[in-house]
Amino acid sequence: MSAAKFARPANSKSDRRERMTSNRNLTLGASVFYDPKWSCMDFCDYVTSRGIRWIEVKLEPVFYYSKINEDDVAQYLGELAKTVPVSIHALHLELNAGSVNPDVRQASLKGLKRSVDFAAKIGPGTIVTLHPGDNGEAPPSKYYEIRRNTIAVFKEVVEYARSLKVDISLENRGREGPGAYKYARTVEEISALRRELGCDVKYTVDAGHLTFLREDPCHYIRQLGPENVALAHIHNNDGTCDSHGATRRGLIDYEVFIKAYYEENWQFPLVIEVKRMDYLLESIEHLSGIWKTVTGQLGISNSESAC
Ligand SMILES: [Zn+2]
């Protein structure tokens, strides 16, 4: 999974100097996962006190797993978003915009529009991440329908989001089991989907999902264009199971990734998308440590070359 084999774009000396002297910060975010010990609000308070500067909220826990009033959560997030940006991960469990079953597509459209409504309550410009559809158990002869159905449902969602000043972002899908097809895992498919929807639609690059394609996340981001990436989902796995584990353990070398993030001046936040608080805290420490090393090393080499 090394990025080293892929050529980086040539940077001019002045570009590089400008970046070296800029006070860039690493924007680390947290995906708010369900934990019975933490309400969504307590979770956000705690992780922002630990250096998190972007929050992404998955909606199933807010709407269905706890008794908390969703308007109270929206109001809290609206306040929080004045200082810490907040994005929304649309409802996705059991939904499938690509389904061959029209009832499932209708329920998916309803769930996605409801997700957009929630984002609109937080404020204009809130980003909503969508999962493209999959085949369920439909045979390969139906895969073109999965793509066509997803495009049709997403076009309605994007139109609706535009009317409410909410931004849409497409996430690359993860592991495919036997007989499974998930739309928009590859650069070719996800960029084709975006072309159908419009250039105001961005990408949520899930780095962990790329291990199942044996794809280097840096190369993937360069191909999509870093300026088109709204945020990245950061986690790690061993390439067999989409475990959403801590960043230190797995196929992705986050030292290589953070170095590219710094050197190529990527602006999007790195949202840690794990499922346990100890994984989240460990990943914050891991990524922050790499950032300090990378920025320190580059600062030293720059002053040496200036002599
Ligand atoms: Zn993800």
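## Basis of the model

The structure is a predicted model, in which local features need pLDDT of at least 70, side-chain atom pairs count only at pLDDT 80 or more, and totals for chains, interfaces and linings use all residues. Residues are numbered from 1 along each chain as its sequence is written.

Helices (H or I, at least four residues) and strands (E, at least two) are DSSP runs, numbered from the N terminus. In strand S7 (residues 229–234), 5 of the 6 residues are buried (20 or more other C-beta atoms within 10 Å of the residue's own, with C-beta atoms placed from the backbone).

Two strands pair if DSSP finds at least two bridges between them. Strand S6 (residues 202–206) runs parallel to S7 and is joined to S7 by 4 bridges; Asp206 has His233 in S7 as its bridge partner. Between S6 and S7 the chain passes through helix H8 (residues 217–224), in a right-handed β-α-β crossover (with the strands pointing away from the viewer, the path from the first strand over the helix to the second runs clockwise).

S7 is also parallel to strand S8 (residues 270–272), with 3 bridges joining them. Ile234 stands opposite Ile272 in S8. Together with helix H9 (residues 254–263), S7 and S8 form a right-handed β-α-β unit.

Helix H4 (residues 70–80) has Val73, Ala74 and Leu77 buried. Seen down the axis of H4, the buried residues lie within an arc of 100°, so they line one face of the helix; the arc is that of the directions from the helix axis to the C-beta atoms. On the face turned away from the buried side are Asp71 and Asp72, which are exposed (12 or fewer such C-beta atoms).
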